[in-house]
Amino acid sequence: TCLPVEVVYRDCRLVQDVWQAIRSLKVRGAPAIGIAAAYGVVLASQCAEGHKIVSACLDACAQLATSRPTAVNLFWALNRMRSVVESNAATAPEHLQQLLLQEAHAIRQEDADMCRRISRVGANLIPDISGVLTHCNTGALATAEYGTALGCIFMAAEQGKQIHVYVDETRPLLQGARLTVWELVQRRIPTTLICDSMAGAIMKQQRVHTVIVGADRIAANGDTANKIGTYGLAVLAKTHQ
């Protein structure tokens, strides 16, 4: 919420801190939300009195689930943490704490590994010399590390491809302008910020050869749901081939 002007780190030491961070968009991006929530349950286990650890963790799962009702990863991660609690309810509190920490670490590492695999596949779709347009923020700030759609751009740049990235500002919260451009600049990748309504114009000028965006959900038939504005980009990209 301070980017791109200022880089600030916030420590969360209580479940309520994590809940508030997710609720107020200090943590945003589905993978990052799920990971933060998992560590929130770990905090609950560490703050609980020994004999109350199970109820404290289950209460934390219920509380954290209300922080962002539309985030699928949130419920997926909390279900994994709840399963650890319920499967080990009779174990010593210290052991349960360790198991929960291990599970949270696993959730984080699995996401990091998936991001790398996604990025390697996606980078192959980006031409060696090209303009790439992206929407919203799908980088390291939204995931465990590296990113998904933006990670494909990072990987293409690491492979030595000469790319220029056009970033939609992504209204109304400006995740593109505030977050994506910041991540690209940190990696010294050539970048131009555009207002959302410019996308069609730069496609017509043949500056854009690839459009790559995130996908909040993908249906079995291939339909996708993503940040508002994605549909318009799809129509424009089809029109301009």
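**Close-up views of a predicted model**

**View 1. Threonine 138 and its surroundings.** A polar atom of the threonine 138 side chain lies 2.9 Å from the backbone nitrogen of leucine 150. The model shown in this and the other views is predicted. Threonine 138 belongs to the loop between β1 and α6. With a relative accessibility of 11%, threonine 138 counts as buried. Leaving aside residues up to four places away in sequence, threonine 138 touches Gly147, Thr148, Ala149, Leu150, Gly151, Thr180 and Gly214. Histidine 240 is 102 residues from threonine 138 in sequence, and the two C-alpha atoms are 24 Å apart in space.

View 2. Four strands make up an open sheet with parallel pairing, in the order β3-β2-β1-β4. The edges are held by β3 (191-194) and β4 (210-211); each has a single partner strand, so one side of each has no neighbour in the sheet. Six bridges join strand β1 (residues 129-134) to strand β2 (residues 162-168) in the parallel sense. Within this pair, isoleucine 129 is opposite glutamine 162 of β2. Helix α6 (residues 149-158) packs on the sheet and touches β1 and β2. The direction of α6 makes about 160° with that of β2.

View 3. One aromatic pair is found in a search of the whole structure. The pair consists of tyrosine 146 and phenylalanine 154, with ring centres 5.9 Å apart and planes at 70°, so it is edge-to-face. Both tyrosine 146 and phenylalanine 154 are buried. Over the ring of tyrosine 146 sits the charged end of arginine 116, 3.9 Å from the ring centre. Over the ring of phenylalanine 154 sits the charged end of arginine 187, 4.0 Å from the ring centre.

**View 4. Serine 67 in a loop between helices.** Serine 67 is part of the loop that lies between α3 (53-64) and α4 (72-87). Its relative accessibility is 2%, so serine 67 counts as buried. A polar atom of the serine 67 side chain is 2.7 Å from the backbone oxygen of leucine 64. Apart from residues up to four places away in sequence, serine 67 touches Trp19, Ile22, Arg23 and Leu74.

View 5. Most residues other than glycine have a negative phi. Tyrosine 146 is not a glycine, yet its phi is positive, about 70°. This tyrosine 146 lies in the loop between β1 and α6, and its relative accessible area is 3%, which makes it buried. Threonine 170, also a residue other than glycine, has a positive phi near 65°. The loop between β2 and α7 holds threonine 170. With a relative accessible area of 0%, threonine 170 is buried.

**View 6. Two cis peptide bonds.** Most peptide bonds are trans. The bond joining leucine 3 and proline 4 is cis, with omega about 5°. Proline 4 is located in the segment before α1 (15-23). Arginine 171 and proline 172 are also joined by a cis peptide bond, with omega about 10°. Proline 172 is located in the loop between β2 and α7 (175-186).

Terms used:
Residues numbered from 1 in each chain as written. Predicted model: local features only at pLDDT ≥ 70, side-chain atom pairs only at ≥ 80, totals over all residues. Heavy atoms only, no water. Pairing = 2+ DSSP bridges. Contact = heavy atoms within 4.5 Å. Axes fitted to C-alpha atoms, helices over the stretch in contact; angles between N-to-C directions. Buried < 20%, exposed > 50% of the residue type's maximum accessible area, 1.4 Å probe, protein only. Polar contact = N/O pair within 3.5 Å; in protein donor to acceptor, adjacent residues only side chain to side chain. Phe/Tyr/Trp six-rings, centres within 6.5 Å; stacked < 30°, edge-to-face > 60°. Lys NZ or Arg CZ within 6 Å of the ring centre and 35° of its normal.
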